Structure formats: C-alpha cells, structure tokens
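User: Got a model here I'd like to walk through. Can you take my questions as they come?

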Amino acid sequence: MALAVALLGAAAAAGLGGALSAAGPSVLIQGAALIDGTGRPALASADILVEAGRVVAVGPAGSVSPPAEAMLVAGAGKTVMPGMVNLRGLVGLVRGPEQPPDHFSRATIAQQLATYASYGVTTTATLAPHAEVLAEFRSRADPGGPRGVSRVLTPLRSLCQQASPENKVTPAGPLCESIRGRRQARAAVDRLAGQNADFVELWIGVRDPPDGSALRDAEAAIRRAARRGLRVSVVTPHLAVARAALRAGAHMLSASITDRLVGAAFAVAMKAAGAVYAPALVSELARFEYGDRPAWIDDRYLRRSLVPGVSGYLRGPLFMRQALDPDRAAKHARFRTAVRNLRTLAESGVRIGLATGSGLPNTFEGYDEYRECALMRSAGISPMEVIRAVSSGSAAALGLDAELGTVRPGARADLVILNADPRANIHNLRDLHAVLVGGALVPL
C-alpha cells in the first residue's frame, strides 16, 4: 500500500528524508505547480513520478498512477523546478581569506558540494588541480546521482595565454595551463581529452587584450576540442574575442562582455552558433561591491556558505582595499555594461545560462547562484526565463539537456521543491522546502 507523506513546511524535510529512504525507488509528487525548465508555461497542478533516480512520468494532477508501495508526496501549495546547473565554479580551494595547500581534499570538496546542493545548485563545474581527488565525486554522478552533494563536472584546468588574478596557480596546483602557439594549444586540448575532461575552458584576454597570435592559438584550441568531441566555454570580457571564439565553434561564453556594448549583429552570431551566454554578473560585482558595504553581507541565508573569519575580512581589509581602489569607477562602469549586454542578448532571443565563478575568493558557493538569479531578474529577465537559464540553458551549453536541467521523462531527478512560487517573486528561490539530486534528498 502506498505511503502518503504531506509536505508541511521546511521542518518536515528530515522526516521526508527518512520516508524517501524507506519508501524504495518510487516517489510520486502530487499536485505541485511545475516549472519544468523547458520554457513552456508552468503546470498549475502536476504529478511527477521518480523511479531509480530519474523522472519517469509527468502530467496533470491525477493523471499519473503510482506503482505499488510508492511514496506519495502531497505537493499542494509547493512549486517544483529543476535544480540549477552552474557552468563555472571552484570547489575545494578557498575556505576563507587564506588558501592552505591542503584545502583541495576530499573533505573540503564534499563540504562545498553539499553547500551548493543545499541552495538548489544540483550540478556545478569546477577546476581540479588534482583530478584524482575529484574522481570519486565525478564517478558518483552515475547512475542515480551522488547523495547529499551537487553533481560535479570539470574542465580540469583552464587554458589561457597568461595567468589571471582570478585563475592563478594555487598552493594546491595549477588552475591554468598557458598555451603559446597553435601546436601547443592543440596539444593541451589533447591532454585534457586524454584525462577525461568534461569540457574545455578558455580564458582569453582576461587581464590584457590579446594580440592576433593569442586569438589564433585560442581558435586552434577550439577547433581541436571539436575534433575531440569536447564542448568549449570561453571566459573573456572582449567583444572581438567573443566573436572570434564563436566563429571557431565555441559553445558558451561564461563571463560578461564588458569592454563595449553588444549589438544586433552579435546577437545574430550567438543564435547562429547555438551558443549560450552566461554573464556571471556576481563575479563582476565581486571586484568592487565590498567597498559599498553591501547589506547582503548580513543576510541570514548566506550563513551556511560562510566560514569563520570571512565576515570580518569582508567588512575590514577587503572593504578598505576596494573602497580605495583607483579603478573603482571603471569597474562600476563595466558592471553596468554587463547588465545592458545581458538585457540586449536576452531580448534578442539568445539562450542564457548560469555561471558565477563561486568558490573563488570573495564569492560564496550556492548563495552566489541565488544572487545571480536575482541580478538577472533586476536586468529585466522574467522569472520564467531566469529559471530556464539556470537550468536547461546551462545544461544545453554542456550538451546535457537530455539528462539535466529539465523535469521531464528520462531526465535525472534533480529537483528543487519550493514553499513559494518564484514566478511571483524571484527571491522565493530561497524558500526551499527540499532538494533532490538523483532522487535522493539533500540536507538543508
């Protein structure tokens, strides 16, 4: 006989977890509002059947029959959406103002992936200076999904012409592999492919505008990645670089164009390439906003992403450094350009995705993805389009939209259950009732 469980508030999550463990492989969520991540209108009342870590049926309330001994979850008053997919993050290396060399460890990675998941980020990308330490978490993504932590994908190392302040060599190992010349660029991609990188990440002209030879090296890397069956993410603030990357076959831009305003021609090029634009607005803000004493530093929702010592650092040394930064006005201007470019591209029909750079210094895993959603909304993106961007938009950029980023039959059961509807207010994304990764409950 089916087991019925009512969702009576966030405090019920622990009981729900016990029920999920006891109920076997089948769970039917009944009568919840459903935003499926595809961009289609939401279903006001839907049934969602999960078996063995996957969504197997979705339909209007009352249309899906539960298997024998399935757990029934009453979803009235709740909203279900896909888990968020972050195209650019960093786990295991930053736990505060200091970066000890032993931070890239199993324990730190597990802790930060659990934090991501607790904010509804069910998949994140990360660099990995020691791939063997990350291997356990990559393998746990199959078949049903890791328990209690976010899924993880990795480009292993970024490829770049020069180390940038945001992507430097750390005590744990190199995050960036320098490429000089087209032969070296192709060889670097071959090494990543041989080491089972999930995709290739290129940082081009992040510190200084690249010259023609640097662009040719990047184009060679992008074309080699296509031959090796790897998708390419490009991080650059330069419109000219982004255009060249698209011509070479890049699949996603995982940072904002900030050197100039984009126009209709660039939007056409993005759509023709089928590329995804993930603006990472929070990473632009992190360059200067602490000098403004932002009120969100005191947000209680941030607490589980903080570690001891960080609050004082943000209010003290970092505040002073950014408040006195002589480049401060220019960084403000670049952020305004980033917001305008996002609005232009979204209104032109370019596919939008989620990238944040969270986990780097002065950023916060999980909380920054929520903030990125709020910033997209402030830029004029509708709540439905924001949710599509952070779920199926990012999954499509990675070529994984059949598996991740949607709530439909065959997809992984990476689900976020909310107590309030984010279509009414995007900040309702923080009103989490439960998060499932591969059908398994995540501790909140």
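User: Which residues touch the most other members of the largest nonpolar core?
Analyst: This is a predicted model. In it, V200, L202, V234, F266 and Y277 have the most contacts with other members of that 98-residue core.

User: Which helix gives the largest share of this core?
Analyst: Helix α6, residues 239–248, with six residues.

User: What does V234 touch, leaving out residues up to four places away in sequence?
Analyst: L202, I204, I222, A245, A250, M252, L253, S254 and A255.
Analyst: There is also a second, separate core of 17 residues, with I29, L34, I48 and I417 among them.

User: Switching to the sheet. What is the strand order?
Analyst: β11-β10-β12-β13-β14-β15-β16, seven strands in an open sheet with parallel pairing. The edges are β11 (176–178) and β16 (351–352), and each pairs on one side only.

User: How many bridges join β15 and β16?
Analyst: Two, in the parallel sense. Y277 sits opposite I352 of β16.

User: Where does helix α5 lie?
Analyst: Across β12 (200–203) and β13 (232–235). Helix α5, residues 212–227, runs at about 170° to β12.

User: Which α11 residues are buried?
Analyst: R328, K331, F335, T337, A338, V339, N341, L342 and L345.

User: And what covers them?
Analyst: The cover includes α7 (264–273), β15, α8 (281–285), α10 (317–323), β16 and α12 (367–378).

User: What happens just after α11?
Analyst: G349 takes a positive phi of about 90°.

Definitions and conventions:
Residues numbered from 1 in each chain as written. Predicted model: local features only at pLDDT ≥ 70, side-chain atom pairs only at ≥ 80, totals over all residues. Heavy atoms only, no water. Core = buried A, V, L, I, M, F, W, Y, C linked by side-chain atoms within 4.5 Å. Buried < 20%, exposed > 50% of the residue type's maximum accessible area, 1.4 Å probe, protein only. Helix = DSSP H or I, 4+ residues; strand = E, 2+ residues; numbered from the N terminus. Contact = heavy atoms within 4.5 Å. Pairing = 2+ DSSP bridges. Axes fitted to C-alpha atoms, helices over the stretch in contact; angles between N-to-C directions.
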